[in-house]
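Me: Can you go through a structure with me? I'd like to ask things as they come up.

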Amino acid sequence: MSNLQFIQSAEGYSVSSIDLHNCFSEKYDNYMISLVKGDQTENNYTFARYISESGLDTSSNYDSAGQSVRSYASFGEMRFTNQTSIKNIAYRGSERNRGDSIVYYVFNPFDSSKHTFGMAQASGHFSSGLFGVKHISVHKVAVRMTGMRFFPGGGSYDSVKVNCYGILTWVVV
């Protein structure tokens with residue numbers, strides 16, 4: 001039996017965002033979300049927001065930080081506090097079918113007594129070269145989250161697909 005249990009998938013074409021509704025529940029404490037396809041109309045970062053029981057959370061309660069790893073330039077550091085979304089999870093080019101991917105782990109989203117934490121790693125390719133990101137985030141108010149929205153920092157998605165998995169147990173190696 002796998003430690004990952006498939007919950008749902010969402011796919012869209014010519015959309016400004018993609019939502020995973022009701023993918024978080026009391027069944028799991030931790031989740032893995034994979035953005036397996038995300039052809040954007042512009043070179044830009046991928047952002048995200050949580051969806052709570054009362055709807056899309058656009059409050060200024062998101063903090064995040066990341067390290068960008070680029071094949072064509074020096075590494076870069078990003079820090080964001082009191083934002084209305086989780087910023088710069090990954091950088092994606094507008095070229096199609098490059099094999100870009102994001103794996104985003106979410107911790108405690110459904111527990112209304114705990115903060116929701118996130119951790120991501122992403123890889124991408126665009127005209128200047130390869131681009132990777134290691135990323136962490138926190139939603140600073142303990143709220144029951146039921147889903148997530150991903151969207152590009154500019155432009156839209158020509159096509160996008162995300163999968164949500166529940167994590168049964170963590171295996172430390």
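Me: Let's begin with Asp19. Is Asp19 buried or exposed?
Reply: This is a predicted model, so every value here is computed from it. Asp19 has a relative accessibility of 18%. The cut-off for buried is under 20%, so Asp19 counts as buried.

Me: What does the side chain of Asp19 meet in a salt bridge?
Reply: The side chain of Arg149. The N to O distance is 2.6 Å.

Me: How many salt bridges does the count come to?
Reply: Five. Another one joins Glu77 and Arg79, with the closest N and O atoms 2.4 Å apart. One more is between Lys114 and Asp111, where the closest N and O atoms are 4.0 Å apart.

Me: What about Glu77, buried or exposed?
Reply: Glu77 is exposed, at 55% relative accessibility.

Me: New topic. How many helices and strands are there?
Reply: The protein chain has zero helices and 13 strands. Read from the N terminus, the elements are β-β-β-β-β-β-β-β-β-β-β-β-β.

Me: Which strands pair with each other, say β6?
Reply: Strand β6, residues 62-70, pairs with β11 in the antiparallel sense, over nine bridges. Within that pairing, Ser68 stands opposite Val133 in β11.

Me: How many residues of β11 are buried?
Reply: Eight of its 11 residues, so the strand, residues 129-139, is mostly covered.

Me: What about the chain as a whole, how much of it counts as buried?
Reply: Of its 173 residues, 49% count as buried. The accessible surface comes to about 8,200 Å². Carbon and sulfur atoms hold 49% of that surface.

Me: Where are the nonpolar residues inside, and which have the most contacts in the largest core?
Reply: The largest nonpolar core has 28 residues. Those with the most contacts inside it are Phe24, Ile33, Tyr50, Tyr104, Met148 and Phe150. Several strands each supply at least two residues of this core, among them β2, β4, β8 and β12. β13 gives the most, with four residues.

Me: Why would nonpolar side chains end up together?
Reply: In soluble globular proteins, nonpolar side chains tend to be buried together.

Me: Back to Ile33. What does Ile33 touch?
Reply: Leaving out residues up to four places away in sequence, its contacts include Leu20, Phe24, Tyr104, Met148, Phe150 and Cys164.

Me: What does the second core include?
Reply: The second core is separate and has six residues, including Tyr45, Phe131, Val133 and Phe151.

Me: What does Asn88 touch?
Reply: Tyr45 and Val133 are among its contacts, along with Thr46, Phe47, Met78, Phe80 and His135, not counting residues up to four places away in sequence. Asn88 lies in strand β8, residues 86-92. Asn88 is buried, at 9% relative accessibility.

Me: Thr46 is on that list. Where does Thr46 lie?
Reply: In strand β4, residues 44-52. Thr46 counts as buried, at 0% relative accessibility. Thr46 and Pro152 are 4.5 Å apart in space, C-alpha to C-alpha, and 106 residues apart in sequence.

Me: How much of the contact total comes from residues 24 or more positions apart?
Reply: They account for 74% of the contacts in the protein chain with a separation of 6 or more.

Me: Last one. What is the mean pLDDT?
Reply: The mean is 87, and 87% of the residues reach 70 or more. Confidence is lowest in β8, at a mean of 82, and highest in strand β5, residues 55-56, at 96.

Me: What should I do where pLDDT is low?
Reply: Where pLDDT is low, the predicted coordinates should not be read in detail.

Methods: Residues are numbered from 1 along each chain as its sequence is written. This is a predicted model: local features need pLDDT of at least 70, side-chain atom pairs count only at pLDDT 80 or more; totals for chains, interfaces and linings use all residues. Side-chain values use heavy atoms; hydrogens and water are left out. Buried means under 20% relative accessible area, exposed over 50%, partly exposed in between (1.4 Å probe, protein chains only). Contact means heavy atoms within 4.5 Å. Accessible areas come from the Shrake-Rupley method with a 1.4 Å probe; for residues, only the protein chains shown count as cover. pLDDT is the predictor's confidence in each residue, from 0 to 100. A nonpolar core is a set of buried Ala, Val, Leu, Ile, Met, Phe, Trp, Tyr and Cys residues joined through side-chain atoms within 4.5 Å. Two strands pair if DSSP finds at least two bridges between them.
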